[in-house]
Amino acid sequence: MHPWIIARTPGAWDIMEAADIVALRRQKMPPDVVQALLADARAYDVIAEAYGVSYQMVAQIKTRRLYAHVPYEGEIPRGARADAATVREIFLDPSPAREIAARHGVSLNVVRQIKQRVSHERVTRNLVAPQSGPDTFRGEVRAMKERHKVELAALLQRGTA
């Protein structure tokens, strides 16, 4: 692992001298680290965490808005792409968005966009959205309140009879 990346990790203070860490953190990203980041096919948030930079920085490097002067041969992987079958699975999954994202290897934002039909609308057009956690919970509370009303009315009727 490159010293520039190590200087950005939480445990850097245990491995390196303070002056070296400060000096490395002030430096721009070295060309070999930029090339490694460009070749990385993982999701942007995972890359950002691994390299100790922000999600936005990873996106800007991948779109060549930052460090465009660093040579790179070949195709730049743009993160995880979801095929139609995966999009359907994500859309129909009633689990929390974080669990879905982790299971399918996509970002939380991608899951939310699919669920809200912002992206992949053609694939999800004819699908019926499942009841999610909060909706299911509200339904259960509503049913419990109705049951409580019926039981209360029965108790009050017995008490007056």
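Buried means under 20% relative accessible area, exposed over 50% and partly exposed in between, with a 1.4 Å probe and protein chains only. The model is predicted, so local features need pLDDT of at least 70 and side-chain atom pairs count only at pLDDT 80 or more, while totals for chains, interfaces and linings use all residues. Residues are numbered from 1 along each chain as its sequence is written, and side-chain values use heavy atoms, leaving out hydrogens and water.

**View 1. Tyrosine 44 and tyrosine 55 form a tilted aromatic pair.** Rings of Phe, Tyr and Trp (its six-membered ring) pair if their centres lie within 6.5 Å; planes under 30 degrees apart count as stacked, over 60 as edge-to-face and the rest as tilted. The count comes to 1 aromatic pair. Here the centres are 5.8 Å apart, with 55° between the planes. Tyrosine 44 is buried at 12% relative accessible area, whereas tyrosine 55 is partly exposed at 38%.

**View 2. The charged end of arginine 8 sits over the ring of tryptophan 4.** The distance to the ring centre is 3.6 Å. The criterion is NZ of Lys or CZ of Arg within 6 Å of the ring centre and within 35 degrees of the ring normal.

**View 3. Met29 and Ile61 have the most contacts inside the largest nonpolar core, which has 19 residues.** Such a core is a set of buried Ala, Val, Leu, Ile, Met, Phe, Trp, Tyr and Cys residues joined through side-chain atoms within 4.5 Å. Apart from this core lies another of 9 residues, among them Ala82, Val87, Val111 and Ile114.
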